[in-house]
Structure formats: structure tokens, C-alpha cells
Amino acid sequence: MNETHLITHSSRMADVVNANPAVLSVLDRLGIRLGFHEATVEDICNRYGLSTHLFLDVCNIYCNKHYEPRSGQLSGQDISKIISYLQTSHKYYSTKSLPALHHKIHRLLAGGNESNAAIINKFYDDYLEEINRHFRFEEEVVFPGVKNLLAEHGSPSQTENFSTGTFEENHSNIEDKLSDLKNTILKYLPDDYPQSLRMEILKEIYAIAEDLDKHTRIEDKLLVPAITGLIGNGPAEEGLKETQPQEEAAEEEDEQNHGPLSEREKEIVAEVAKGLTNKEIADRLHLSIHTVTTHRKNISHKTGINSISGITVYAIINHLVDINDL
């Protein structure tokens, strides 16, 4: 999505949507109906009893990649609205967008190579379970914990074990496997699969990945600082993924390693697919663990695939291992 000027309280809502179609998702999840006429953002927020500041933060996160919310601690009503928004997002992902994508992947793979179909469908099943497990943690632990903190007479026993650390430990990077699936369909699935359906699936993956990224930023930049303020841990200056740019910067130093996999790297891919650890691979191939680690980093750079399950799919599609040997 192209970067846009910041949305303000005086922006006309119809102009906001015309310039940033992704805002439609925000409106839908907040229960805002279309038919704005010439109403401004502030007019619409007043009409629906929303905090204008919160609405602007959410919309600007969606529309501007580098936007940083300026608010400190949000009001209790604002935090409740964020939780409601995130719960609606979870329902949308779990019951609509991700199942619809899975159905199209089944259609794409039907009639093709049976090993490819089996391993890609299993990969997607595992991904769905991982992301739904992430959502369940938030629904069953995080959100009730925040609501206890908001309660006027919340019992200390209900909140003493709840912290942003609990959130951070379980806030996995749910985008990685979706990226692996995207690269598999884009780069490695043979070209005899239906082109139009393949294009349609890729467009949906890109759209879901971008929406999930915004979902995560709303959690990191709005909900987590609010939780931190509630439990008195001081300002949350770093979001849940603030270490990622440093990690990415370190990895970019090695990105000169492009091109096809070497024979040794193919060997390592096969061993990873079989479930061996770095130490086991090192012992089997008579290498140091450091060498195996370096090869695996280069494999990720070259293939664009990071997860073990993604590497397994890659190995089977490229005939580096037989599915029956796994």
C-alpha cells in the first residue's frame, strides 16, 4: 500500500476510504456503516461513540507503515474498543479469509502431484492450527486479563500473574509460515498448475499477510502500551517486535548469498525435512554445528523460506526427499 498523508479528525470519511481502501476493514470491524455523505472522521466517531484519537491511531497504522501512535495510556473505554476490534478480526480470519484461502488451495492442488498436495495441505493445516492457537491464547488469557485490570474492583489474585511478558512470550510471528506458503506457490510449485487460480491465491495471500501485519501493529503499538500502563510497569517504548529491524539488519549483511542451492545445502535441506537437529546434521555430514547453522541461514536467504515445515514442503516439491521417508 502506498504511504498517504496522515488522516486527521477533519478529514472527510468518504475521502479517507477513497484514498485508503484498506480502511474498509477497519470500518467493518468497528461496526461503522457506509453512507457518510460529507461527514468528517470526527462526525462519524461522535455518531458511533468512538474515541476520535483511537480511531485515527488505528486508521493511520493501517495506512502508514511508519506511523507511531502519539498517545500514552488510553482510556478504559478505548482499550475495550481495541479488544472488541481484535476479537472481530480474529473471527474474520478464522471463519472467513483463511478457510476461503484453504479451499482455493485444495482446488489448485486437486488432480496434481499427490505428494505435493499432501505436504502443502498438511503445511496449511498446521499453519491454521498455529494461528488459531495464537488467537485462543489472546481470547482466553490476554483479553480476560486486560478486562480484569480494567475492572474497578478487580481482585489482585486475578491480575497478579498477568503481565506484558506473558503476552510477549506467546506473541509468535504468525506471518512467517504465510510467507513460506507464498514463496512455495510463487517460486517452487511446478508451472503446470492452473495459472489463474494460482494468481488469485497469491493475491489473497498478499492481502491477508498485509492485514495480519496491521493487526499485529495494533496489538504492539496500542494494546501492549495500554496494558503496560494499567499494570504500572512504566511506558512501553518497545513493541513486541521491536527487535526485528535489528535482526533483519544483521541478516541483510549475508544476503549476498543468492542463486541456486549448492549440493551441500540440498543435503542439509533433506536432513532438516527428516526432522534432524543442527547437531545431528553436523554429526551425520561430518561438519561443525557452526557450518550447518551458516548453511541453514544461506538456505533461508536463497529460498525465502524460514520455517522447518516450509523447508519440508520445499524438499518434497523439489524431490530432495520422498514423502514416504518422512
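Predicted model: local features only at pLDDT ≥ 70, side-chain atom pairs only at ≥ 80, totals over all residues.
The protein chain contains 15 helices and zero strands. Of its 326 residues, 45% count as buried. The accessible surface of the chain comes to about 16,800 Å², and carbon and sulfur atoms contribute 48% of this area. Among contacts in the chain with a separation of 6 or more, 71% are accounted for by residues 24 or more positions apart.

Two packed helices are described by the angle between their axes and the distance between the axes. For helix α6 (residues 114-150) and helix α15, the axes come within 9 Å and cross at roughly 175°. Angles over 145 degrees count as roughly antiparallel, and α6 and α15 are therefore roughly antiparallel to each other. On the side of α6, the contact is made by S115, N116, I119, I120 and F123. On the side of α15, the residues involved are S309, G310, T312, V313, I316 and I317. Sorted by class, the contact of α6 with α15 comprises six nonpolar and five polar residues, with no charged residues.

Helix α6 also contains L128. The relative accessible area of L128 is 16%; buried means under 20%, so L128 is buried. When neighbours within four places in sequence are left aside, L128 is in contact with L98 and H102. The C-alpha atom of L128 is separated by 9.8 Å from that of K177, a residue 49 positions away along the chain.

Aromatic rings were examined next. Rings pair if their centres lie within 6.5 Å, and by this rule the count comes to four aromatic pairs. One of the pairs is formed by Y188 and Y314, whose ring centres are 4.7 Å apart and whose planes stand at 90°. Planes over 60 degrees apart count as edge-to-face, so the pair of Y188 and Y314 is edge-to-face. Y188 lies in helix α9 (residues 176-188), whereas Y314 belongs to helix α15 (residues 308-317). The pair therefore ties together parts that are 126 residues apart in sequence. Both Y188 and Y314 are buried. Elsewhere, ring pairs link Y92, Y93 and F135 into a cluster.

Key:
Residues numbered from 1 in each chain as written. Heavy atoms only, no water. Phe/Tyr/Trp six-rings, centres within 6.5 Å; stacked < 30°, edge-to-face > 60°. Helix = DSSP H or I, 4+ residues; strand = E, 2+ residues; numbered from the N terminus. Buried < 20%, exposed > 50% of the residue type's maximum accessible area, 1.4 Å probe, protein only. Contact = heavy atoms within 4.5 Å. Areas by Shrake-Rupley, 256 points an atom, 1.4 Å probe, with all protein chains shown as cover. Axes fitted to C-alpha atoms, helices over the stretch in contact; angles between N-to-C directions. Parallel < 35°, antiparallel > 145°, perpendicular 65-115°, else oblique. Nonpolar A, V, L, I, M, F, W, Y, C, P; charged D, E, K, R; others polar.
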